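Here are my notes on the model, as numbered points.

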Amino acid sequence: MSSWLDYTINGLIVGNVYALVAVGLALIFGVSRLINFAQGSIYLVGAYIGWVAVVQLHTPLPLTIIFVAAVAALVGLIIERFGLRPLQNSVRIAPLLATIGISFVLDQLVMLTFSPNPRALPSQLPDVRFQVGGGTIGPLDLLIAGVGISSALLLFVFLRYTKLGWAVRAASQDRDAAMQMGVDVNRVNQTVFGIAAALGGVSGLLVGMYYNQIDTAMSLQATLKGVVAEVVGGAGNVPGAVVGSLLLGLVESYGVAVFGTSYRNLFAFLLLVVVLVLRPNGLFASARQAPPEPLTGTFIAPSRPVRIPRWGLAVAVALFGILPLLPVSFYVLQTLINAWLLGMLALSLTLVAGTIGQVSLGHAALLAIGAYTSALLSLTLSVPVGLAIIAGGLMSAALGTLLISPSFRLRGHYVSIATLAIGEIVSLVILNWESVTRGPIGISGIPPLSLFGYDLISPASVYWFAFAVMVVLALLQARLLGSHLGRSFRAIRDDDIAARAYGISLNRYKSLAFIFGGFAAGVSGGIAAHLYSYINHETFNTQQSILALTVVILGGLGNVVGAIVGAVALVGLPEIFRIAAEYRILIYGIVLLLLVRFRPQGLLGTI
Amino acid sequence: MTTSAPEPLLALSDVNTFYGQAQVHFDLSITVGRGHIVCLLGGNASGKSTTMKIILGLVKPRSGEVTFDGASLIGLTTPQIVRRGIASVPEARRLFADMSVRENILMGAFVRNDRDAVAQDLDRMLTLFPKLGQRLSQRAGSLSGGEQQMVAMARALMSRPSLIVMDEPTMGLSPLYVDRVLELIRTINQEGVSVFMVEQNASLALEIAHEAYVLQTGKIVLSGPARALKDDPRVRDAYLGGAEAA
């Protein structure tokens, strides 16, 4: 049994690592008001570059660190120059989505280059431990602390005493005024991305050495932890990010000490949600500060949607309806079943993200809630599958809305962070609540789909079932959006303050959107559970949330038909062209980047 | 004061500006003579602030020409324009709130590399704005509106500009500070800096200006020597309604 001092040391060391990521995020947020979701990918790149240096080039430690910092900085500069600078004058959601797309591309490139299997990253320091009080400390701990502290000092000196540092501070406080002093904001952005990437890369290297192992799943975790630390410290606040990171490290370490390793992330995300709800500007924000994201301009690209005549839609529904009667292969039906399931999720997300403007990054959690509810009800209580799926939808609607409701007062990027965290929390609760969810083992032997006592086994019957449910949900949603409710939703999206001034209760309408959206997503998850017959806590992950978001943007945010078209396009096309699975995520990332750059309103336009 | 028209330092000619579909400026032409104080008067939504943004390169006109010191400013970035010798006192001051007063003033010298001369100029600012001396290490955001205006003016002077553009320098200030600010603008001008200012408070602005233009929904409806405009009844008619609503 390790001592409390050990847990404290461990917490501070891990906190130092988080700080290297979070400080970069804070610098970037300060200057560009952007949460850089690609930060974790740079950390991943840093870890693998470090592996190349240590294992293949046999560089000595100081050279390894310099090499990793340099390559990571270069990646950061490329991201800024080619990924983000072209988006400077576009809607504010664009750069956020671009960083998500970039992170998909970078992660997949690393995975394709180095294979997804974990690799050992040997520490280049002697493996000895020194006794300190009741605990022990090793040379690697000291190195991490040293790198963390010296980076913070260097950054402090840079920001306080150099001309470029002053430019960074000025630009982060008032970008236009800084330009009027002659500050070249592009150069500031470049500097900030370079520094953030160098710190992030070194952080990846150190973590790899600390755990003696690296794998491609590190990326998302690092982004999440960095974002948590940054928001806890106050978005854009550099010293706050350091303190937030150390706090996060300690909370996790003590949490692990008391409850066990699988609770580590749960504590991180709970800390985030508590801070977002109670002090959305971070622990150190002064009360005078404006509420988060008081920025002007629309978050979502306005456009004139493509109008599809009713008879056109009817013909399309009829054609897809009779498809199983035609001589099509099992494979095509299978693909389209997946598309319909994703379509339901996209309907839900296009309502929440598009119509009412709450860009959710945790939508897969709604699938998970629906899937687990339906699976457990039918398996343990022998509830008929049809009813169980409906119950799953209702549970998703109720629980999802309840979970998200504390963050209803957040806006813009903060909604995305909060939903991301809630998504992770749901998955971690499923992992840890073994008595109900069976924990990491997952649920197997889920009964197949059935309706009124008849099992739906044949692909055609499953196809019809999924298609019919999706069409009904789409019709309901279209009806909803045509009513005054739809107008109120859009009013909240376009200007929540004005909407409130007209007497629209934000909480009530956001709840309604999440209830409706939660039901559609829960039903989709429920059907999926009975279709797959096995689910676990990783079946519905963040990657799926982001895939759904890509679908929705591809179709046009808020656009009901667009959501379904997007789902067919993004699931169907890779299947038809038989693109290997490992390239798909890469393609999703590239699609997202191209869309954001060239057609932010999507194929059919936002509504 | 004015005997003959000085050579033009800044000239906007036939500028047309749009925000999306909406046209903001209609063939706007304004000249600022070297050594002059020129005032642009106008009510709300007349296009005054956009005129400042055009000069500073923050907004690009769809057509027309902007020249400064004989060279075109069209296509230059804001930092490049600042380096040509135009400094600005933005609307509502726009100080760097979390930086100290000293840092704010020195940010004005961002485009300069002559450290010693910059230090001398900082001292000069403290004689021009004696109140700021005790406030140097304070957060700029903690100053009063009038003090912030002093910092913004000192910051603009630090780049040793030949032209300062000011967006509503007296807005939101107490009457005491309004007089002080106008006095300072005159002092700055007497030291050889040309001034182009946007104002809603016509009677005060016309007291110190050499020339004035009246802008109404994007068109110049009146222009001429300030003394002549001060007595012109059309000046009141042209925009004072808007000013009182503000």
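1. Phe467(A) counts as buried, at 8% relative accessibility; buried means under 20% relative accessible area, exposed over 50% and partly exposed in between, with a 1.4 Å probe and protein chains only. Tyr463(A) is buried as well, with a relative accessible area of 0%. Both residues belong to helix α18 (residues 459-482) of chain A, and because they are 4 residues apart there, about one helical turn separates them. Helices are DSSP runs (H or I, at least four residues), numbered from the N terminus.

2. This is a predicted model, in which local features need pLDDT of at least 70 and side-chain atom pairs count only at pLDDT 80 or more, while totals for chains, interfaces and linings use all residues. Side-chain values use heavy atoms, without hydrogens and water, residues are numbered from 1 along each chain as its sequence is written, and chains are lettered from A and ligands numbered from 1 in the order in which they are written.

3. Over all chains, a search of the whole structure gives 14 aromatic pairs. Rings of Phe, Tyr and Trp (its six-membered ring) pair if their centres lie within 6.5 Å; planes under 30 degrees apart count as stacked, over 60 as edge-to-face and the rest as tilted. Trp4(A) and Tyr254(A) make a tilted pair, with 5.6 Å centre to centre and 55 degrees between the planes. This pair links distant parts of the chain, 250 residues apart: Trp4(A) is in helix α1 (residues 4-32) and Tyr254(A) in helix α10 (residues 238-259) of chain A. Tyr463(A) and Phe467(A) are stacked, at 6.0 Å centre to centre and 20 degrees between the planes. Together with Phe320(A) and Trp340(A), they form one aromatic cluster.

4. Trp4(A) counts as exposed, at 53% relative accessibility. Tyr254(A) is partly exposed, at 30%.

5. Lys163(A) lies over the face of Phe110(B), 5.3 Å from the ring centre. In chain B, the charged end of Arg62(B) sits over the ring of Phe18(B), 3.7 Å from its centre. The criterion is NZ of Lys or CZ of Arg within 6 Å of the ring centre and within 35 degrees of the ring normal.

6. Met344(A) touches, among others, Ala466(A), Val469(A), Met470(A) and Ile527(A), not counting residues up to four places away in sequence; contact means heavy atoms within 4.5 Å.

7. On confidence, chain A averages a pLDDT (the predictor's confidence in each residue, from 0 to 100) of 87, and 96% of the residues score at least 70. Over residues 287-297 of chain A, pLDDT stays under 50.

Technical notes: Helix = DSSP H or I, 4+ residues; strand = E, 2+ residues; numbered from the N terminus.
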